[in-house]
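Reader: I'd like to learn how to read a model like this one. Can we go through it feature by feature?

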Amino acid sequence: MSVDEVVKNIKRRPTRAVYVADLVIGGGAPVSVQSMCATKTQDIPATLGQINLLQEHGADIIRVAVDSRRDVECLSVIRKQTGARLAVDLQESYRLAEDVAPFVQKIRYNPGHLHHHEKSVPVFDKVKFIVECAKAHRCALRIGVNFGSIDPSQMGVAEDPMDAALASAREHVGYMEKLGFENFIVSLKSSDPNDVIDINKRFSDEFPAVPLHLGVTEAGMLPVGEVKSRVAFENLLAVGVGDTLRVSLTLPFEQKGEEVKIGRRIISDVAAGIFRSVPRFEQRGLNLISCPSCSRVENEKFVELAQQVCEMSRFAAEEDITIAVMGCRVNGPGETDDADIGLWCAASHVNLKRKSELVGAFSYEEIVGRVRLELEQLLQDRDKSRVITA
Ligand code: SF4
């Protein structure tokens, strides 16, 4: 039996079919694999090269970051030169949906980001605007809920982030129903694979018809990034949950095809009944989380920086510490809040945080040494408190 035949054999919970051009997500279609360009969108040849690379590795949908008028112009040029199914994620600017919809087949919005701009406009009206753009250009939508940027109004109501994330997804599924729009999928992502398993099962039980896009955010570097993604995806796909997925890894842009290869390998392993991982992800020792990078990365040294932090922190490998390294200001400040030590990149410096508190801004040359000092200090403080409590 061929891999494709094996993959078709995965038993899936029946979900509604969602159309991304000629690709069907859900509705019994094979689990599709997505990825994202890590190149600058305004570097058109590099982005086209990245799209080709991801397509050659089997990506079904490729996301491109678009944040400005100039990005939209470049997207329109890219559109003319590739037949790939393209997706864009709206960050704070929901109005961008109108500009990008003619050039893409899918738009993702994050409910947590709809509160930042035009605060006087009700969120429902913003969603209505996005839906109207999607309808006008036959785009699919993804409601992308992320534990690192949960809708602040939900965080005020639910005590537990998982309940808040679920409530946010529930609210936006309700908006879709109210607007009579069915061509949408939902993602519920966290950097913790166990949260990804739990929340996707809960959502699937509550909304069995809605197709799910699976993802572990900031899974980081290989090999741990693959392990985190594998644990989450294997455990969900094996019980029929999940219709499309993305593996997010911190890799140089020329190696981004690995994300797609690994995603495909996980799907075919599940279909063949080969389980390499365990029911739960057990974090032992230092947890390094880092974003997969994209066009928004503010300094090309980001991937190298993540690798250097990984190398430098090996001396503390046994310690229960989380270090987060993020590529830009869009998700960096929020997604480093829960880490013991957080770094997020700006163009000429790196911001260093201790939990949600900013320690300072450091040059790319000095930051790794500064993180080491921070790590040593953290270990010393812990040792002291261990002695005091002993
Ligand atoms: S943190 Fe910024 S650079 Fe990294 S993937 Fe997210 S948007 Fe892109």
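Reader: Let's start with the ligand. Which residues are around the ligand?

Author: Keep in mind that this is a predicted model. Around the ligand you'll find C291, P292, S293, C294, R296 and V297, and also M326, G327, C328, V330, N331 and G332. Sort that shell by class and you get seven nonpolar, four polar and one charged residues.

Reader: Okay, zooming out: into which domains is the protein divided?

Author: There's domain 1 (3-271) and domain 2 (287-389). Their C-alpha centres lie 26 Å apart. As for how they touch, the general idea is that an interface's size is often given as the accessible area lost when the parts come together. Here we can count contacts instead: 20 residues of domain 1 are in contact with 18 of domain 2. On the domain 1 side, those residues split into eight nonpolar, nine polar and three charged.

Reader: What does strand 14 pair with?

Author: Take the two partners in turn. Strand 13 (residues 341-345) runs antiparallel to strand 14, joined by five bridges, with C345 opposite V350 and a hairpin of four residues linking the two. Strand 14 also pairs with strand 15 (residues 357-362), again antiparallel over five bridges, and there K353 faces L358. That hairpin has two residues between the strands, and K355 takes a positive phi near 50 degrees.

Reader: Is strand 14 mostly covered or mostly open?

Author: Mostly covered: four of its five residues (350-354) are buried.

Reader: And which residues of helix 8 are buried?

Author: P193, V196, I197, I199, N200, F203 and S204. Their cover includes helix 7 (161-179) and strand 8 (184-189), along with strand 9 (212-216) and helix 9 (224-237).

Technical notes:
Residues are numbered from 1 along each chain as its sequence is written. This is a predicted model: local features need pLDDT of at least 70, side-chain atom pairs count only at pLDDT 80 or more; totals for chains, interfaces and linings use all residues. A residue is buried if 20 or more other C-beta atoms lie within 10 Å of its own, exposed if 12 or fewer, and partly exposed in between; C-beta atoms are placed from the backbone. Two residues are in contact if their C-beta atoms, placed from the backbone, lie within 7 Å. A residue is near a molecule or strand if its C-beta atom, placed from the backbone, lies within 6 Å of it. Ala, Val, Leu, Ile, Met, Phe, Trp, Tyr, Cys and Pro count as nonpolar, Asp, Glu, Lys and Arg as charged, and the others, Gly among them, as polar. Domain bounds come from an automatic or database domain assignment. Two strands pair if DSSP finds at least two bridges between them.
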